Amino acid sequence: SFDLVMCCEVLEHLEYPDRALSELARVSRSSVLVSTPWEPIWRMMNLARGKYIRDLGNTPGHIQHWSASGFEALVSRHARIVATRRPLPWTMLLCRCD
């Protein structure tokens, strides 16, 4: 197990993010840091820069899409959120697994 487990910009690519979050909590002795794109801001920013127009701004490989509150709800099923940051265009959560 580890004092801090980080999973940044991964969960949006996974078919079963709940399984990944369970494993992150299992291997953490203390803390987990997770981040994901903040939807729909992420897509709007892609469109504004002319990227992925045919996919309405969806980055290839992104199969999960969360608002900030939706991501917090998902993560809170696996760990206690102690800090939330939203540096545009991401949602970052520091969690305790105690």
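**Exercise 1.** Is Trp42 buried or exposed?

*Solution.* We are working with a predicted model. Start with the relative accessibility of Trp42, which is 16%. Buried means under 20%, so Trp42 counts as buried.

**Exercise 2.** Find the aromatic pairs and describe their geometry.

*Solution.* Searching the whole structure gives two aromatic pairs. Begin with Trp42 and Trp90: their ring centres are 6.0 Å apart and their planes meet at 55 degrees, so this pair is tilted. Trp90, with a relative accessible area of 31%, is partly exposed. Now turn to Trp66 and Phe71, a tilted pair with 5.4 Å from centre to centre and 45 degrees between the planes. Both Trp66 and Phe71 are buried.

**Exercise 3.** Which rings have an arginine over them?

*Solution.* Take Tyr16 to begin with: the charged end of Arg19 sits over its ring, 4.0 Å from the centre. Then look at Trp38, where Arg86 lies over the face at 5.9 Å from the ring centre.

**Exercise 4.** Explore the largest nonpolar core.

*Solution.* This core has 16 residues, and those touching the most other members are Leu11, Leu21, Leu24, Val32, Val34, Phe71 and Val75. Two or more residues come from each of β1 (2–8), α1 (17–27), β2 (28–37), α3 (68–76) and β4. Finally, zoom in on Val32: leaving aside residues up to four places away in sequence, its contacts include Leu4, Val5, Leu24 and Leu93.

Note on methods: Residues are numbered from 1 along each chain as its sequence is written. This is a predicted model: local features need pLDDT of at least 70, side-chain atom pairs count only at pLDDT 80 or more; totals for chains, interfaces and linings use all residues. Side-chain values use heavy atoms; hydrogens and water are left out. Rings of Phe, Tyr and Trp (its six-membered ring) pair if their centres lie within 6.5 Å; planes under 30 degrees apart count as stacked, over 60 as edge-to-face and the rest as tilted. Buried means under 20% relative accessible area, exposed over 50%, partly exposed in between (1.4 Å probe, protein chains only). A charge sits over a ring if NZ of Lys or CZ of Arg is within 6 Å of the ring centre and within 35 degrees of the ring normal. A nonpolar core is a set of buried Ala, Val, Leu, Ile, Met, Phe, Trp, Tyr and Cys residues joined through side-chain atoms within 4.5 Å. Helices (H or I, at least four residues) and strands (E, at least two) are DSSP runs, numbered from the N terminus. Contact means heavy atoms within 4.5 Å.
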